[in-house]
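This report describes selected local features of the structure shown below.

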Amino acid sequence: MKKKSVNQSAPWWLWACRIFVGLLFIFSGLIKINDPLGFSYKLQEYFAVFHITFLNSWALTMAIVLCSLEITLGFALLIGVRPVKVAWGLLLLIIFFAFLTFYSAFFHVVQTCGCFGDAIVLTPWQSFSKDLVLLLLILVLFANRKNITPVFVSKIGDRFLIGAGVVSVCMGLYTYNFLPVIDFLPYKVGANIPDEMKAPPGAQPDQYEITYQLKNKKTNEHKQMTNTEYLKSNIWKDNNWQVVGDPVSGLVKKGYTPKIQDLSISDAQGNNYTKDLLANPFNNLIVVTTNLNEADEDAVNSLNAIAINLKQNFNTRAILLTSSSAKSAEAYSKEHKLAFEIFYGDEVPLKEMVRANPGVLLLKNGTIINKWHYHTIPNYDELTKEYFQH
């Protein structure tokens with residue numbers, strides 16, 4: 001079939017809106033579908049805010065569907081297939097996103113929207129501003145939806161549309177089962193965790209300002225002053241002025257923020273082993289599981305067998321790092337006769353380490369040599385040949 005010729009009567013600004021919105025929706029969807037599990041965590045944050053946590057079990061499915069919908073709608077807009085329905089879909093989707101980002105910004109609930117996953121982190125107000133611009137452009141498209149010309153005849157356009165939807169869903173299923181194609185998180189292969197936990201030389205920290213509420217005992221006058229003004233004015237020398245209530249600290253200037261801020265590894269007694277484990281100059285096998293009771297049991301058993309062989313033949317330290325309770329982890333270890341040393345960490349950094357339950361990190365001197373989803377764990381012979389027999 002031949003392409004239809006582009007309708008020359010379509011104004012350039014309509015094509016500009018169409019191309020910009022279409023590409024942005026595709027880009028946004030691709031970034032998120034690269035890490036659907038991460039996006040599902042963000043959805044769960046919103047579920048908690050709106051008290052609909054009963055949807056948590058559906059978060060992953062919803063994440064893949066939403067990302068696929070973004071990609072498909074963006075692609076459909078570019079090729080001009082079913083323009084009326086696509087315009088409606090884009091309008092409803094951007095209104096939904098704008099509501100979420102405004103709610104996050106105004107009520108200070110979800111601090112990053114997840115619009116572009118972990119690739120481009122936006123504040124809620126930045127996200128809302130972006131959604132407002134998109135809303136205006138989509139309103140232009142919606143008002144001119146009948147003037148959106150198709151690039152292909154309807155049958156071919158429909159096939160491309162179905163193909164885009166299928167490919168999008170398959171991408172989400174692939175990256176969920178085999179880790180993101182591009183890792184935007186701080187625990188990517190090659191990263192040195194201790195280096196990511198500290199600021200580089202010369203980096204400026206966050207700058208804060210303290211605000212005082214003052215009251216004059218004689219005149220009953222009230223004043224509000226920052227700590228700088230308080231000291232410069234010498235008002236503190238006047239015994240008639242007293243500080244009322246608690247001083248309030250506010251961020252004045254954002255400084256450098258280390259990529260990893262919240263990693264702390266401890267044993268069951270609460271002793272901190274973070275530096276000890278990250279400073280090990282030999283290969284360490286780190287099995288990460290946020291919830292042992294939800295971890296893939298066959299994968300845990302397979303990893304346990306690998307850990308036993310590595311200990312016997314290479315004296316490799318094998319660690320099970322979990323956010324499960326010590327009581328639960330010990331019971332699980334006893335039941336499955338695990339050979340791992342068990343350590344504990346907060347759920348948030350463990351989710352960032354590897355998007356799998358369980359996931360595996362090979363660590364040396366705090367550097368991530370490699371990482372695997374439990375679906376792609378190499379067998380013992382492959383692992384030793386690649387990383388231990390040198």
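## Asparagine 280

Asparagine 280 is placed in the loop that lies between α9 (274–278) and β4 (284–289). The model is a predicted one. With a relative accessibility of 13%, asparagine 280 counts as buried, because the cut-off for that class is under 20%.

The side chain of asparagine 280 takes part in two kinds of pairing. It reaches the backbone nitrogen of phenylalanine 282 at 2.9 Å, and it makes a polar contact of 2.8 Å with the side chain of asparagine 284. When neighbours within four places in sequence are left aside, asparagine 280 is in contact with Arg317, Lys364 and Asn365.

## Helix α4

Helix α4 covers residues 83–107, and its 25 residues should span 36 Å at 1.5 Å a residue; the C-alpha atoms at its ends are 36 Å apart, so expectation and model agree. After α4 comes histidine 108, which has a positive phi, near 55°.

Buried positions in α4 include Val86, Ala87, Leu90, Leu91, Leu93, Ile94 and Phe97. Further along α4, Ala98, Leu100, Thr101, Ser104 and Ala105 are also buried. Among the elements that cover the buried residues of α4 are α1, α2, α3 and α5.

## The largest pocket

The largest pocket holds about 1300 Å³ of space. It is lined by 43 residues, and those closest to its centre are Lys42, Thr112, Asp118, Val121 and Glu352. By class, the lining consists of 17 nonpolar, twelve polar and 14 charged residues.

Four helices, α1 (12–33), α2 (36–49), α5 (124–143) and α12 (347–353), each supply at least two residues of this lining. The largest share comes from α2, with six residues.

## The second largest pocket

For the second largest pocket the volume is about 470 Å³. Its lining comprises 23 residues, of which Leu37, Tyr41, Thr290, Glu294 and Asn357 are the closest to the centre. Ten of the lining residues are nonpolar, eight are polar and five are charged.

At least two lining residues of the second largest pocket come from each of α2, α3 (59–79) and α12. Here α2 supplies the largest share, four residues.

Methods: Residues are numbered from 1 along each chain as its sequence is written. This is a predicted model: local features need pLDDT of at least 70, side-chain atom pairs count only at pLDDT 80 or more; totals for chains, interfaces and linings use all residues. Side-chain values use heavy atoms; hydrogens and water are left out. On a 1 Å grid over the protein atoms alone, a cavity is a set of points where a 1.4 Å probe fits but cannot get out, and a pocket is an open set with protein on both sides within 12 Å along at least five of seven lines; lining residues have an atom within 4 Å of a point. Grid points are joined across faces, edges and corners, and a volume is the space filled by probe spheres set on the points. Ala, Val, Leu, Ile, Met, Phe, Trp, Tyr, Cys and Pro count as nonpolar, Asp, Glu, Lys and Arg as charged, and the others, Gly among them, as polar. The expected span of a helix is 1.5 Å times one less than its number of residues. Buried means under 20% relative accessible area, exposed over 50%, partly exposed in between (1.4 Å probe, protein chains only). Contact means heavy atoms within 4.5 Å. A polar contact is a pair of N or O atoms within 3.5 Å; within protein, one must be able to donate a hydrogen and the other to accept it, and residues adjacent in sequence count only if both atoms are side-chain atoms.
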